[in-house]
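Please open the structure in your viewer and keep the selection tool at hand.

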Amino acid sequence: MSFDAHRCPNGHVTYPGHTRCPECGEEQTETVDLADRTGTVVTWTTSTATPPGVREPNHLAIVEFEVQGESVRALGQLTTADGVEIGDDVEPVYEEELRDPEAGIREPDSQAWDGYRFEPV
């Protein structure tokens with residue numbers, strides 16, 4: 001599974017992708033896999049009031065990646081908050097279940113349960 005950011009012909013990169021680039025309005029035509037890159041924690045927080053099926057406490061971070069001179073930010077869960085500081089390096093790690101599919105979702109097959117968390121380097 002890839003962790004795709006999207007790029008327009010003018011080199012602007014976003015995560016998630018959009019039909020049109022938020023910077024210039026061009027169609028986003030390329031993807032950039034962030035799965036093998038190292039990002040930097042911009043900020044993070046811990047949520048202790050989570051929706052059904054989401055672990056508690058839930059550590060969330062905004063992580064910035066550099067892609068050929070452009071920066072792109074992604075929001076995601078941290079694997080741990082132990083020792084994490086703003087400015088630390090993290091890497092995406094694949095998880096088969098980010099949430100519990102049996103926890104209150106009427107149509108579990110309508111959701112994607114896998115994805116990436118950020119692990120401190």
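## A guided tour by selection

Begin with Glu 30, which is partly exposed because its relative accessibility is 37% (buried means under 20% relative accessible area, exposed over 50%, partly exposed in between, with a 1.4 Å probe and protein chains only). The model is predicted: local features need pLDDT of at least 70, side-chain atom pairs count only at pLDDT 80 or more, and totals for chains, interfaces and linings use all residues. Residues are numbered from 1 along each chain as its sequence is written, and side-chain values use heavy atoms, with hydrogens and water left out.

Arg 7 lies in strand β1 and Glu 30 in strand β3, so the pair ties together parts that are 23 residues apart in sequence. Strands are DSSP runs (E, at least two residues), numbered from the N terminus. Arg 7 is buried, at 12% relative accessibility.

**The sheet.** Now display β1, β2 and β3, three strands that form an open antiparallel sheet in the order β2-β1-β3. Its edge strands are β2 (13–14) and β3 (30–33), each pairing on one side only. Two strands pair if DSSP finds at least two bridges between them; β1 (residues 4–7) and β3 are joined by four. Select Ala 5 to find one end of a bridge whose partner in β3 is Val 32.

**Cis peptide bonds.** Move to Pro 16, in the loop between β2 and β3. A cis peptide bond joins Tyr 15 to Pro 16, with omega about -5 degrees. Next select Pro 57, in the loop between β4 and β5 (58–67); Glu 56 and Pro 57 are joined by a cis peptide bond with omega about 0 degrees.

Select Gln 68, in the loop between β5 and β6 (70–78). Gln 68 is not a glycine, yet has a positive phi of about 45 degrees. This residue, Gln 68, is exposed, with a relative accessible area of 69%.

**Further salt bridges.** The count of salt bridges comes to three. Select Glu 64 and Arg 73, whose closest N and O atoms are 2.9 Å apart in a salt bridge. Finish with Arg 117 and Glu 95, a salt bridge with closest N and O atoms 3.7 Å apart. This pair links strand β8 (residues 115–120), which holds Arg 117, to strand β7 (residues 89–95), which holds Glu 95.

Definitions and conventions. A salt bridge is a side-chain nitrogen of Lys or Arg within 4 Å of a carboxyl oxygen of Asp or Glu.
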